[in-house]
Amino acid sequence: MTNFGNGALDLRPNLAVLTGAGGALALLSAAFLSWPVAIASTVLGILMIAGAEVDARTYLLPDAVTIGATVAGILAALLIDPIDPWFGPLLDPWLASGSAAARAIGCAAALALLRSSYARMRGREGLGFGDVKLAAAVGAWLPLDAIPLCFALAASAALVSVLFAQLRGHAIERATRLPFGAFLCPSLWLVFYAGALAS
């Protein structure tokens, strides 16, 4: 972990990782998605690369990533949600954006409830506030039926990571910390990208 002189953690992402992975992701998005969706995919991907890298290193998710991704998801819904002829082209994007905001609030509330319930039962924190804020981004970017898939993919990847750590001889205990955001960030982009490809 990198510390500044005042003892604060460095929450800036590694520029080499961000540039390399972000460039590859932008090319992948441009190659297979229509331009508005490709731009949205690239913005989301760069934010998620930054979040995963910082969380893996510091166990913290920067607000610039979590809140930025939530706001970007709500704004992206104005541009990339399909137009419903029932509501007309002027009203429908605003409904899509409102729906994204409602999902963001609901998803964050669900994770906040899980966080407080776990803390009450176990007497210690299981999820950080950064994970709750990142859940809002998941809700903003994904349709309702894809949200469980995103969390399942992240949890499965985290479990596989723990199993590999045990196989390499690392001691895994009940209180062992795990940067869940480092798994949820790429899962969000992957589920969004797969959904965009399928539509």
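This is a predicted model: local features need pLDDT of at least 70, side-chain atom pairs count only at pLDDT 80 or more; totals for chains, interfaces and linings use all residues.
In which hand does helix 5 pass helix 6? The crossing of helix 5 past helix 6 is right-handed.

**Helix 5 and helix 6**
- The axes of helix 5 and helix 6 come within 9 Å of each other and cross at roughly 135°.
- Helix 5 is therefore oblique to helix 6.
- Helix 5 contributes Ala135, Val138 and Gly139 to the contact, and helix 6 contributes Ile147, Cys150 and Phe151.

**Helix 1 and helix 2**
- On helix 1 the contact residues are Val17, Leu18, Ala21, Gly22, Leu25, Ala26, Ser29 and Ala30, and on helix 2 they are Ala38, Ser41, Thr42, Gly45, Ile46, Ile49, Ala50 and Glu53.
- By class, the contact of helix 1 with helix 2 has ten nonpolar, five polar and one charged.

**Largest pocket**
- The volume of the largest pocket is about 830 Å³.
- Its lining comprises 28 residues, of which Glu125, Gly126, Leu127, Leu178 and Phe180 are the closest to the pocket centre.
- Helix 4 (92-122), helix 5 (129-141) and helix 6 (147-167) are the elements that each give two or more residues to this lining.
- The lining of the largest pocket divides into 15 nonpolar, five polar and eight charged residues.

Methods: Residues are numbered from 1 along each chain as its sequence is written. Side-chain values use heavy atoms; hydrogens and water are left out. On a 1 Å grid over the protein atoms alone, a cavity is a set of points where a 1.4 Å probe fits but cannot get out, and a pocket is an open set with protein on both sides within 12 Å along at least five of seven lines; lining residues have an atom within 4 Å of a point. Grid points are joined across faces, edges and corners, and a volume is the space filled by probe spheres set on the points. Helices (H or I, at least four residues) and strands (E, at least two) are DSSP runs, numbered from the N terminus. Ala, Val, Leu, Ile, Met, Phe, Trp, Tyr, Cys and Pro count as nonpolar, Asp, Glu, Lys and Arg as charged, and the others, Gly among them, as polar. Axes are lines fitted to C-alpha atoms, for helices over the stretch in contact, and angles run from 0 to 180 degrees between N-to-C directions. Angles under 35 degrees count as roughly parallel, over 145 as roughly antiparallel, 65 to 115 as roughly perpendicular and the rest as oblique. A crossing is left-handed if the near helix is turned anticlockwise from the far one by less than a right angle, and right-handed if clockwise. Contact means heavy atoms within 4.5 Å.
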